[in-house]
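Okay, thanks for making time, everyone. I'd like to walk you through some charge pairs today, so let me put the model up.

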Amino acid sequence: MSSAVAQQQQQLISVEEYLVGERHSQVRHEFVGGYVYALAGASDDHNRIAGNIFAALHERLRAGRCEPFMADMKLKIPGSQAFYYPDVLVACDQHDRAKYFRERPVVVFEVLSPETERTDQREKWHAYALIPSLKVYVIVAQEKREVMVLRRNRPGPWVPEMLTGRSAVLTLPELKIEIPLARMYERTAIARRKT
C-alpha cells in the first residue's frame with residue numbers, strides 16, 4: 001500500500017488528541033494537519049552528534065535564561081496544526097513554558113539521516129521559517145563533517161553559511177557561544193577518519 005493511500009485511510013485527529021496520545025505513546029510521532037507520522041529510531045552517530053550539540057549548549061548556557069532541549073521536546077509551529085521533534089532546540093523566552101512543547105525557540109538543530117534529509121531540508125525548514133523568534137536553523141550532516149547554518153536576516157531573506165572541515169567553528173552570536181565542529185562530531189565514524 002502506498003503511503004498516500006495509507007494516509008487517506010488514516011483518520012484525522014485534533015491537536016488535543018495528538019498531545020494526549022503522545023504522553024502515553026512508546027513511539028514519538030510528529031503531527032501535521034491532523035495526520036500523525038511515527039518517527040524511526042536514529043543511528044548511533046546521529047545520537048552522538050545530537051548529544052554532543054546538546055552537551056555543548058547545556059554547559060555554556062547553564063547560568064543564563066536560554067535552555068537547550070533534546071529530542072523529546074516538541075516544537076509547535078505557530079498558526080498551523082503542526083508539531084515536530086527537532087534534534088535540539090534552544091528556547092530563551094521565559095513565557096514559553098508549556099510542559100511538552102516550545103513555540104518560540106531561538107535556534108533549532110536537525111541532524112540529517114538518509115531517511116530524514118528531504119524532510120529536514122524542505123518541509124521542516126519551511127515550517128521553522130514561520131517561527132518569528134527563530135534566528136538560526138542549523139542542519140548538521142551525519143555522513144560528512146558539514147554544517148549548513150541558515151540565519152534570519154532582518155529585513156530580508158535567510159542567509160546561508162556552510163561550515164566544513166575539522167577546524168571549522170559554529171559561531172552563534174545570538175547565544176554568545178561557539179561550538180567547534182570537532183566537538184559536534186566527537187566519537188563518530190567521521191571523527192575516527194584521518195581525512
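First, the term: a salt bridge here is a side-chain nitrogen of Lys or Arg within 4 Å of a carboxyl oxygen of Asp or Glu. Bear in mind that this is a predicted model, where local features need pLDDT of at least 70, side-chain atom pairs count only at pLDDT 80 or more, and totals for chains, interfaces and linings use all residues. Residues are numbered from 1 along each chain as its sequence is written, and side-chain values use heavy atoms, with hydrogens and water left out.

Helices (H or I, at least four residues) and strands (E, at least two) are DSSP runs, numbered from the N terminus.

Are those two buried or exposed? Lys-124 and Glu-30 are both buried, and buried means under 20% relative accessible area, exposed over 50%, partly exposed in between, with a 1.4 Å probe and protein chains only.

Next up, Arg-104 and Asp-93: their closest N and O atoms are 2.7 Å apart. Arg-104 is in the loop between β7 (101–102) and β8 (105–111), while Asp-93 is in the loop between β6 (88–91) and β7, 11 residues away. Arg-104 is partly exposed at 30%, and Asp-93 is too, at 25%.

Last pair: Glu-146 and Lys-144, 3.7 Å from N to O. And finally, shared partners join Glu-30, Glu-110 and Lys-124 into one salt-bridge network.
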